[in-house]
Amino acid sequence: MPQPVSRYHFTADWGGSRTGFAEISGLNIEIEPVLFREGASPEDQMRKLPGLRSYSNIILKRSILKGDNDFFEWINTKQMNQIQRRDITISLLNENHEPIVVWRVKSAFPVKYTGPVLSAGANSVAMECLELTHEGLTVVKT
């Protein structure tokens, strides 16, 4: 019988120098229902049809390391209405570091960079986040 997969061992190949992250979220797909009713319909209710598909923004969260400005550099590729787009691969790994589930993200680009919260009384790692929008999410069978 197959065992459930843990969610703590993963990587993201996003075009930067580091593939390890503390957290990745936003692997969501939604289909907007379209309400429809013909005027001659004897029923006093709407039908629901599948509408447009939409994708949530993906958030990559990681610790800050000295000399690694890849997040900041990517969001700063924006010039006028152009920005560097990248295809991204997010892999959930087994204990042998092999992919179990692989998500492919099409034409992603950053829409928000969040730097660390600095606090003199805290004893935690400084984290940064990069929020990405994209044009598609697929799951690859492994």
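## Salt bridges around Asp68

The side chains of Arg18 and Asp68 form a salt bridge with an N to O distance of 3.0 Å, the term being used for a side-chain nitrogen of Lys or Arg within 4 Å of a carboxyl oxygen of Asp or Glu. Arg18 belongs to the loop between strand 1 (10–13) and strand 2, and Asp68 to the loop between strand 5 (58–63) and helix 1 (70–75), so this pair ties together parts that are 50 residues apart in sequence. Helices (H or I, at least four residues) and strands (E, at least two) are DSSP runs numbered from the N terminus. Arg18 and Asp68 are both buried, where buried means under 20% relative accessible area, exposed over 50% and partly exposed in between, for a 1.4 Å probe and protein chains only.

Asp68 also forms a salt bridge with Arg62, with the closest N and O atoms 3.2 Å apart, and both Asp68 and Arg62 are buried. Arg18, Arg62, Asp68 and Glu128 are linked in a network of salt bridges.

## Basis of the values

This is a predicted model, in which local features need pLDDT of at least 70 and side-chain atom pairs count only at pLDDT 80 or more, whereas totals for chains, interfaces and linings use all residues. Residues are numbered from 1 along each chain as its sequence is written, and side-chain values use heavy atoms, with hydrogens and water left out.

## The Arg85 and Glu135 pair

The structure holds four salt bridges, and one of them joins Arg85 to Glu135, where the closest N and O atoms are 3.0 Å apart. Because Arg85 lies in the loop between helix 1 and strand 6 and Glu135 in the loop between strand 8 (127–133) and strand 9 (137–140), the pair ties together parts that are 50 residues apart in sequence. Arg85 counts as partly exposed at 43% relative accessibility, and Glu135 is likewise partly exposed, with a relative accessible area of 46%.

## The largest pocket

The largest pocket holds about 240 Å³ of space; a pocket is an open set of points on a 1 Å grid over the protein atoms alone, with protein on both sides within 12 Å along at least five of seven lines, and lining residues have an atom within 4 Å of a point. Its lining includes Arg7, Tyr8, Glu23, Leu92 and Trp103.

Strand 2 (23–25) and strand 6 (86–93) are the elements that give two or more residues to this lining, and strand 6 provides the largest share, three residues. By class, the lining has eight nonpolar, one polar and two charged residues, where Ala, Val, Leu, Ile, Met, Phe, Trp, Tyr, Cys and Pro count as nonpolar, Asp, Glu, Lys and Arg as charged, and the others, Gly among them, as polar.

Note on methods. 1 Å grid on protein atoms, 1.4 Å probe; cavity = no way out; pocket = protein on both sides within 12 Å on 5 of 7 lines; lining within 4 Å. Points joined across faces, edges and corners; volume = space filled by probe spheres on them.
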